[in-house]
Amino acid sequence: MAAEWLLEAAVALTIGSVPGPTAARLSLAEYLKYSDGGDTRYELVAGELVPMALPTGRHGQIVDFLNTAFRAEIRRQGLPWTSQPMAIGIQSPRGNRWDTVRIPDVVVLPLQQWQEMGSREALIRLEDPPPLLVVEVVSESSRAADYRAKRAEYCVLGIGEYWIVDPMEEKVSLLLLHEGWYDLLEVKGSERVPSKVFAGLEVQAGEILAADLGYSGKATGS
């Protein structure tokens, strides 16, 4: 009951903060087929289309940096995983009868699960295993959703690790799932992000926020 209330409150906050382009609500099937004829991408929030703002250059550099770092660590450890930037939708639990689909900035998931999407939409449905790790890079338009709505949704989905990278606050919030709730650790400057999914990864909050594209995959023991 508490989880359902949390989801309803989070969805209401998101819809209230970012009005969709249309009053009509879409089903999941309609959303997956939807196109406005342009390049705008949309998340689906309680049946409403919410446009994803064009990211700043720094936003894109941070996404590229983390995707590069995760892929380097996957190769180093020989893990059967992949990291995908802004390419995978995640169906969220319902706070009401309408569907919600998020598109995280970075998703780490098993390689087989990604390959199975080759002949269908790149969507992790409620009945599918959750991804291993998701990252959201905060912008002015996404702040409420990243810190509140998505935190609640990803927690209920059982996503074990959620990173919130905030260029405006110059910090990385690491959320680790523990007994059904996220434990929060805020990391800044030269502090290392103590990932559980990538336990050997040596990356500092400042490196992520600076988006140093010269990163070469530093890790403990390498």
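**Entry 1**

I looked up E202 and found it partly exposed, with a relative accessible area of 30%. For my notes, buried means under 20% relative accessible area, exposed means over 50%, and partly exposed lies in between (1.4 Å probe, protein chains only). This is a predicted model, where local features need pLDDT of at least 70 and side-chain atom pairs count only at pLDDT 80 or more, while totals for chains, interfaces and linings use all residues. Residues are numbered from 1 along each chain as its sequence is written, and side-chain values use heavy atoms, with hydrogens and water left out.

What does E202 form with R192? I found a salt bridge, with the closest N and O atoms 3.4 Å apart. The term asks for a side-chain nitrogen of Lys or Arg within 4 Å of a carboxyl oxygen of Asp or Glu. E202 and R192 are 10 residues apart, each in the loop between β11 and α6 (205-210). R192 counts as partly exposed at 29% relative accessibility.

Helices (H or I, at least four residues) and strands (E, at least two) are DSSP runs, numbered from the N terminus. Both R102 and E43 are buried.

I also checked D99 and R94, whose side chains meet in a salt bridge at 3.0 Å, N to O. D99 counts as buried at 7% relative accessibility, while R94 is partly exposed, with a relative accessible area of 45%.

**Entry 1: the sheet**

In what order do the strands of the open sheet of 6 run? I read β3-β6-β8-β9-β10-β11, with mixed pairing; two strands pair if DSSP finds at least two bridges between them. β3 (81-85) and β11 (181-187) stand at the edges with a single partner strand each, so one side of each has no neighbour in the sheet. β3 pairs with β6 (residues 106-110) in the antiparallel sense over 5 bridges, and T82 stands opposite L109 in β6.

Helix α5 (residues 143-157) packs on the sheet and touches β8, β9, β10 (171-178) and β11. Contact here means heavy atoms within 4.5 Å.

**Entry 2: the whole protein**

I counted 6 helices and 11 strands. Buried residues make up 45% of the 222 residues.

Conventions
Axes are lines fitted to C-alpha atoms, for helices over the stretch in contact, and angles run from 0 to 180 degrees between N-to-C directions.
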